[in-house]
Amino acid sequence: MTPDRTALLARAEAAAEQAYAPYSGFRVGAALAFEDGGVVTGANVENASYGLSLCAETVAVAQAMAEGRRGGLLAVAVAGGRGGVTITPCGRCRQVLSELAQAGATDPLVWCGGGEQMLERKLSDLLPHSFGPASL
Ligand code: THU
């Protein structure tokens, strides 16, 4: 079943409320929708050693894999920020999302919120010619 875009973006927005972002004040939430109807969320987790901060999408993927998920990723929603500007996953998060997607041979839709314009792209369009398990 195709995940509901509005509902998944709402889950990402709710997740952003749990962000630990005392340094940037930039709170991001991510929600991952799976084939079995499950949704896993994450929020960014910053660190006093700034470069160690974790993005919302990476936290969500880690949570999903910690729950035993190894595929079935159909859609990703990202929301939060300061409003006005649409948030797209950073380069590192595209790679992290790609690992989970490729593990289950899916090409999820990525719904980018946080701004006035929602942007929808396939993950493979955000990360073309990706490096993955098949590259090894
Ligand atoms: N951030 C995310 O959580 N996801 C992204 O896709 C981009 C950036 C976080 C990292 C940092 O905590 C804050 O947003 C500002 O860069």
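Trainee: How far is an oxygen atom of the ligand from an N or O atom in the side chain of E46?

Mentor: 2.5 Å. That is a polar contact, meaning a pair of N or O atoms within 3.5 Å. Keep in mind that this is a predicted model, where local features need pLDDT of at least 70, side-chain atom pairs count only at pLDDT 80 or more, and totals for chains, interfaces and linings use all residues. Residues are numbered from 1 along each chain as its sequence is written, and side-chain values use heavy atoms, with hydrogens and water left out.

Trainee: And the side chain of N44, what's the distance there?

Mentor: An N or O atom of the N44 side chain is 2.9 Å from a ligand oxygen. At C90 a polar backbone atom is 3.2 Å from an oxygen of the ligand.

Trainee: How much of the ligand does the protein bury?

Mentor: 78% of the 370 Å² that the ligand exposes when taken alone, with areas from the Shrake-Rupley method and a 1.4 Å probe.

Trainee: Which residues surround the ligand?

Mentor: Among them are S24, F26, V28, T88 and P89, each with a heavy atom within 4 Å of the ligand.

Trainee: Switching to the core. Which residues touch the most other members of the largest one?

Mentor: L32, F34, V76 and L100, out of 20 residues. A nonpolar core is a set of buried Ala, Val, Leu, Ile, Met, Phe, Trp, Tyr and Cys residues joined through side-chain atoms within 4.5 Å, and buried means under 20% relative accessible area (1.4 Å probe, protein chains only).

Technical notes: Polar contact = N/O pair within 3.5 Å; in protein donor to acceptor, adjacent residues only side chain to side chain. Buried < 20%, exposed > 50% of the residue type's maximum accessible area, 1.4 Å probe, protein only.
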